[in-house]
Amino acid sequence: MSGHNKWSTIKQKKGKNDAARAKVFTKIGRELIVAIREGGSADPSVNSKLKDCIAKAKANNVPNDNIERIIKKAASGGDSANYEAVTYEGYGPNGVAVIVEALTDNRNRTAGEVRHYFDKFGGNMGTQGCVSFMFTKKGVLVIEREDLDKDEDTVMSDALEYGASDFEADEDVFTIYTEPEDFSAVRDDLEKAGYTFVSAELEMVPSTYTKIDDEDAKTKMQKMLDMFEDNDDIQNVWHNWEMED
């Protein structure tokens with residue numbers, strides 16, 4: 001997303017109630033468990049995926065105690081659920097492209113729920129690859145301008161010096177993009193330079209955007225996104241809706 005749209009989404013998420021934030025903690029906890037299993041270690045210094053998940057958890061204000069507890073439980077085999085990564089693609093109202101990433105212990109249940117959400121709000125689930133060609137995986141780091149004691153030129157210069165591939169600025173935030181393989185190193189170097197992030201993760205960034213002018217279609221699109229977000233199995237939803245502030 002552009003920085004403007006990205007910031008709108010972050011503000012929206014920040015404004016969620018405690019129950020919604022608890023769901024975010026649960027989802028990130030699931031990502032931590034999978035990262036430990038796939039990386040074969042509960043040590044972030046040797047497991048880069050786990051290190052990235054911890055950074056994402058901190059950007060989402062997950063308490064350190066929660067992170068440590070989940071890591072200990074996963075490392076000791078205390079969580080027996082066998083999560084599988086599954087990606088679904090489809091279209092929302094007005095042909096908005098949507099990618100849904102899930103971690104599920106029941107593929108059939110999750111597929112049925114995702115299809116239902118698409119159908120219920122005027123979209124339709126498509127086949128693998130039907131919209132993913134419109135997106136590129138990138139590292140995305142968002143820094144809030146407020147209270148930052150560095151100007152735009154300094155932030156851009158630092159970002160590019162540390163290996164960022166692109167930089168955007170708007171009135172609220174700076175958005176730094178990296179190649180996926182450079183994400184961890186760029187984030188670490190910027191953190192060492194004193195930067196903090198309101199969002200820091202690998203994202204599917206759209207190459208083009210789709211506007212929705214019809215108010216009813218806008219409402220349906222937002223409700224569909226809310227339903228996806230409310231589902232514990234669904235980790236991320238990427239789309240190319242040109243959202244308004």
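**Sheet pairings and packing helices**

Ala169 stands across from Phe174 in β6. That pair belongs to β5 and β6 (residues 173–178), antiparallel strands joined by four bridges. A quick caveat: this is a predicted model, where local features need pLDDT of at least 70 and side-chain atom pairs count only at pLDDT 80 or more, while totals for chains, interfaces and linings use all residues. Residues are numbered from 1 along each chain as its sequence is written, and side-chain values use heavy atoms, leaving out hydrogens and water.

**The four-stranded sheet**
- Reading across, the order is β5-β6-β4-β7 in an open sheet with antiparallel pairing (strands pair if DSSP finds at least two bridges between them).
- At the edges sit β5 (166–169) and β7 (199–206), each pairing on one side only; strands here are DSSP E runs of at least two residues, and helices are H or I runs of at least four, numbered from the N terminus.
- On average, neighbouring strands of this sheet are turned by 30 degrees against each other, direction ignored (axes are lines fitted to C-alpha atoms, for helices over the stretch in contact, with angles from 0 to 180 degrees between N-to-C directions).

**Helices on the sheet**
- Helix α6 (residues 152–161) packs on the sheet and touches β4 (135–144), β5 and β6, contact meaning heavy atoms within 4.5 Å.
- The direction of α6 makes about 160 degrees with that of β5.
- Helix α7 (residues 183–192) also packs on the sheet, touching β4, β6 and β7, and its direction makes about 5 degrees with that of β4.

**The β2–β8 pair**
- Five bridges link β2 (residues 97–104) and β8 in the antiparallel sense.
- Ile99 has Trp238 in β8 as its bridge partner.
- Strand β8 (residues 234–239) is mostly covered, with five of its six residues buried (under 20% relative accessible area, 1.4 Å probe, protein chains only).

Key:
Buried < 20%, exposed > 50% of the residue type's maximum accessible area, 1.4 Å probe, protein only.
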